[in-house]
Amino acid sequence: MRHLDDVLGPVLGVETSCDETGVAVYDGEAGLMGEALYSQIALHADYGGVVPELASRDHIRKTLGLVNTVLAESQLTRDAIHGVAYTAGPGLVGALMVGASIARGLAWSLKVPAIGVHHMEAHLLSALLEKDPPDFPFLALLVSGGHTMLVDVKGVGQYEVLGNTLDDAVGEAFDKTARLLGLPYPGGPALAALAESGRAGRFRFPRPMTDRPGLDFSFSGLKTFAFNTFEANKDDPTAAADIARAFEDAVVDTLTIKCRRAVEQTGRDSLVVAGGVGANTRLRAQLKSTSQKEGWRVFYPRPDLCTDNGAMIAYLGWLRLSGGERGDMSINVRARWPLGELLPPAPAAE
Ligand code: KG4
Ligand code: ZN
């Protein structure tokens, strides 16, 4: 086993928490050396959503091949890898187990440390992979298929959750609304594309929980509102696009209002937007113009770093392993794992 005082070289990251197999190599000096992603969209499309058992099986088929691709792209042999990181949660248990088992097996055979990392922490820190990264402390808006959170980020592993969703996550609301509009899975990007041809203002959706103090969210009502509007306009072929636009505008306004409120409440001057819904063009544009008007800054990872990927896992693994953190040999994953439980990286007790 390598020692803590060795300079930590390239770390391999493996992401298998849901329907994307992501692998990447990150090195403190060289940066992101290689990355590869395989999306299971086609596999799940017929079912209108992710089928967990199919997801696990496909991760088994794809992960090692992607590891080889990424090593070749990075021009590294396996021996050059100093550590292996994998997503240990939150996510689908079977899918997580695949990545965890492969990553731990690889690390064991290479005699390097392995570490299980938190998927949402990886999203949250992914903006640090970009050229002009924010300084700590900053606020983060985490918007994915399973989470909607506003977090005060004081440093790596120092997270205070300021707001959370009381029901559906925002990505989930996009996906469910898209489905009832008859759009294919994954619904978020499909709904956003349809909204482009929709007329703004024809339908007016509520901005949930913005009329009361606090930073929590609720998105399930919007989905019902979309359903009722759709039913009431069944005979109008242009209604779906206008509903998509009204839904997207309501979500984007609601998120913007809560972000402004979080900036006011905390006095932070930087906001990172991360997670799959962070790829939404209208959200990115509106937060940017609001922040410019109000004198704070918003940071986005590029859209393919917003959605699930191996790069954020390799990077977070590198950060935590560099900080001396080590996992034991067990293969543990967690379907649920509150972000607030995380701690800063620290060397394991001898
Ligand atoms: O972070 P992510 O890739 O996976 C999870 O960790 O959940 O987020 C996936 C979510 C899905 O709900 C998807 O519909 C949504 O992000 N999404 C979008 C867009 N791209 C992905 N939602 C709205 N607009 C988009 N452009
Ligand atoms: Zn994610």
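This is a predicted model: local features need pLDDT of at least 70, side-chain atom pairs count only at pLDDT 80 or more; totals for chains, interfaces and linings use all residues.
I then turned to ligand 1, where 18 residues lie around the ligand and G145, D175, G188, G276 and N280 come nearest (near: a heavy atom within 4 Å). For polar contacts (pairs of N or O atoms within 3.5 Å), I found a backbone N or O atom of G188 at 3.0 Å from an oxygen atom of ligand 1, and a side-chain N or O atom of N280 at 3.0 Å from a nitrogen atom of ligand 1. Ligand 1 exposes 550 Å² when taken alone, and the protein buries 86% of that (Shrake-Rupley, 1.4 Å probe).

I recorded that α5 gives the most to the shell around ligand 1, with three residues. Because domain 1 (11-125 + 306-341) and domain 2 (136-300) both give residues to that shell, ligand 1 lies between them; the bounds come from an automatic or database domain assignment.

Local features need pLDDT of at least 70 and side-chain atom pairs pLDDT 80 or more, while totals for chains, interfaces and linings use all residues. Side-chain values use heavy atoms, without hydrogens and water, residues are numbered from 1 along each chain as its sequence is written, and chains are lettered from A and ligands numbered from 1 in the order in which they are written.

Note on methods
A polar contact is a pair of N or O atoms within 3.5 Å; within protein, one must be able to donate a hydrogen and the other to accept it, and residues adjacent in sequence count only if both atoms are side-chain atoms. Helices (H or I, at least four residues) and strands (E, at least two) are DSSP runs, numbered from the N terminus.
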